[in-house]
Amino acid sequence: MDITHWTQRLRRFATGRTVRTLTVVVIAAGGAWLGIALGGTVHANVGPVEVGMTAKPSWSGETVVDAHPLGTLLFDTHNAPIGLRITLENINTDRAGVLLEDSRFSDQLPALLEKELREGVKTLILRAALCGLAGALLTSLIVFRRPGPALAGLLSAAVLIAGTGVAALLTFRPNSVVEPKYTGLLAGAPSLVGDAESIVTRFESYRVQLAKLVNNVSQLYDTVSALPVYDSDPESIRVLHVSDIHLSPIAWNLMHSVTKQFKIDAIVDTGDLTDHGTGPEDRFVEEISSFDVPYVFVRGNHDSKATQRAVDKEKNAVVLDDSVKSVAGLRIYGLGDPRFTPDKSVDVGSDPTSLTALGHAHATRLGQAFKPVDLVAVHDPSIAREFSGAVPMILSGHTHARSTELLPSGTRLLVQGSTGGAGLRALEHDEPTPVAASVLYFDRKTHRLRAWDDITLGGLGEQSVQIERHVETDPGRTISPGPTSAPSPTGSFSGTTSP
């Protein structure tokens, strides 16, 4: 009985001690969190920009550059429960003028920015740590009202802060600066984010990219109301990929803005421009002629052959249906969708095996009948995947949800969302379908994709956009041939014959 009695007492003591320890740690962590949130801000000069740096507890662990009113840039810089927010508060016009006019100062800018930014971050880390420790100590004193638990809380906070700092340091990713996520007004996006081709080919370190960002912001503030010209890199071919417009005028507004702001060389539309492919809908396609760049079109399952002919009449339209054309320096192969959904005699959910077999047959013919092409455009991803290994890049749509996939052959498949926000279908759901488009940057010499910007509007008519930059890690990779056999085409499709 005595042994059992003492064992129970020991267990109760251990349990109580564990609970008290956890309570102290939780209270200290909460106090440190509050202290950092309230006091973790410093002000610094980084080149010609006066910035405010704020450290705040954050589960995502990211760095946000707030260039209000132009927008914000988000960088996935580290994995630790602390976030860094840099707010561009003012521009030193004298120093900015020197930057824009003196090439020698511009050459020295990367090293200067790195030095001043490092000093600012060091000051921020010290301040955040002190504020966190002070918050933990004060909170522990208020809650426990005894020096022992308060000191234990202070020690716990010190360990937590040190651990967070080590985690941030070990997971720091400086290369994340070349793949920002932009949120803000479309007009400011190209100047603030910068040229993707330049980032890939010339900005090999985060120091230089930081200099470009500061230079962009300086120019924007220096010109006040007139945005600087977004210079088109002569080494890049810019292609705007759109799909599934479905008679939505929102798409035309977005496409005109992007074409102008990003200096687009060509537009590729992977189908479903209309809803029913009827004669009255042909008036909608007349907007195509208002663009000053080639408009490449492949038929979707909601576009009739009559729709295709209506598009072909527009002066700048390039209709591809099992054919190849050179557009803006790229050789593009396009294939119209074999189905026509409004024809109720055709099974809308057509056999996927038939689609893949059809795609495989055309992919085989592509390699035999045509010179090598740079880009394939089709509507349905099931058909698109069969061109794997035949070309470096494939564009498609149909799903109303954007995705990208690097196929085993080395071919990249980009499935576009709905540039029209799914048209009237957007009203059938609680949340509108995002309006989606992408700007693709191809190297003018190699014709390989170097980077792309995914552009997303939240839905029907929003003025702000989100732009997410992606960089192709190995643009010159070898493209391996795809499978050499596939099942024979089966089933029937309206408006087409088997190859």
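## Close-up views of a predicted model

**View 1. A salt bridge between R283 and E286.** R283 forms a salt bridge with E286, and their closest N and O atoms are 3.2 Å apart. A salt bridge here is a side-chain nitrogen of Lys or Arg within 4 Å of a carboxyl oxygen of Asp or Glu. R283 counts as exposed because its relative accessibility is 61%, while E286, at 37%, is partly exposed. For these words, buried means under 20% relative accessible area, exposed means over 50%, and partly exposed lies in between (1.4 Å probe, protein chains only). The structure holds 13 salt bridges. This is a predicted model, in which local features need pLDDT of at least 70 and side-chain atom pairs count only at pLDDT 80 or more, while totals for chains, interfaces and linings use all residues. Residues are numbered from 1 along each chain as its sequence is written, and side-chain values use heavy atoms, with hydrogens and water left out.

**View 2. A salt bridge between R339 and D380.** Here the side chains of R339 and D380 meet in a salt bridge (2.8 Å, N to O). The pair links distant parts of the chain, 41 residues apart: R339 sits in the loop between β12 (330-334) and α10 (352-369), and D380 in the loop between β13 (375-377) and α11 (381-384). Helices (H or I, at least four residues) and strands (E, at least two) are DSSP runs, numbered from the N terminus. Are the two partners buried or exposed? R339 is buried, with a relative accessible area of 7%, and D380 counts as buried at 4%.

**View 3. A salt bridge between D454 and R402.** The side chains of D454 and R402 also meet in a salt bridge (3.4 Å, N to O). D454 lies in strand β18 (residues 449-457) and R402 in the loop between β14 (393-396) and β15 (403-406), so this pair ties together parts that are 52 residues apart in sequence. D454 counts as buried, at 9% relative accessibility, whereas R402 is partly exposed, at 26%.

View 4. L414 lies in strand β16 (residues 412-415), and H241 is found in strand β7 (residues 236-242). L414 counts as buried because its relative accessibility is 1%, and H241 is buried with a relative accessible area of 0%. The two residues touch: leaving aside neighbours within four places in sequence, L414 is in contact with H241, M393, I394, L395, S396, R402, S403, T404, S438 and L440. Contact means heavy atoms within 4.5 Å. Between C-alpha atoms, L414 and L395 are 5.1 Å apart in space and 19 residues apart in sequence. H241 and T270 are 7.7 Å apart, C-alpha to C-alpha, and 29 residues apart in sequence.

**View 5. The nonpolar cores.** In soluble globular proteins, nonpolar side chains tend to be buried together. A nonpolar core is a set of buried Ala, Val, Leu, Ile, Met, Phe, Trp, Tyr and Cys residues joined through side-chain atoms within 4.5 Å. Which members of the largest core touch the most other members? Of its 59 residues, they are M53, M255, L273 and Y295. Helix α8 (residues 249-261) gives the most to this core, with 6 residues. A second, separate core of 20 residues includes V296, V298, V318 and L330. Beyond four places in sequence, L273 is in contact with residues including I245, W252, F284, Y295 and V311.

**View 6. The loop residue S304.** S304 is found in the loop between β9 (295-297) and α9 (305-312). S304 counts as buried, at 8% relative accessibility. Not counting residues up to four places away in sequence, S304 touches G277, R299 and F340.
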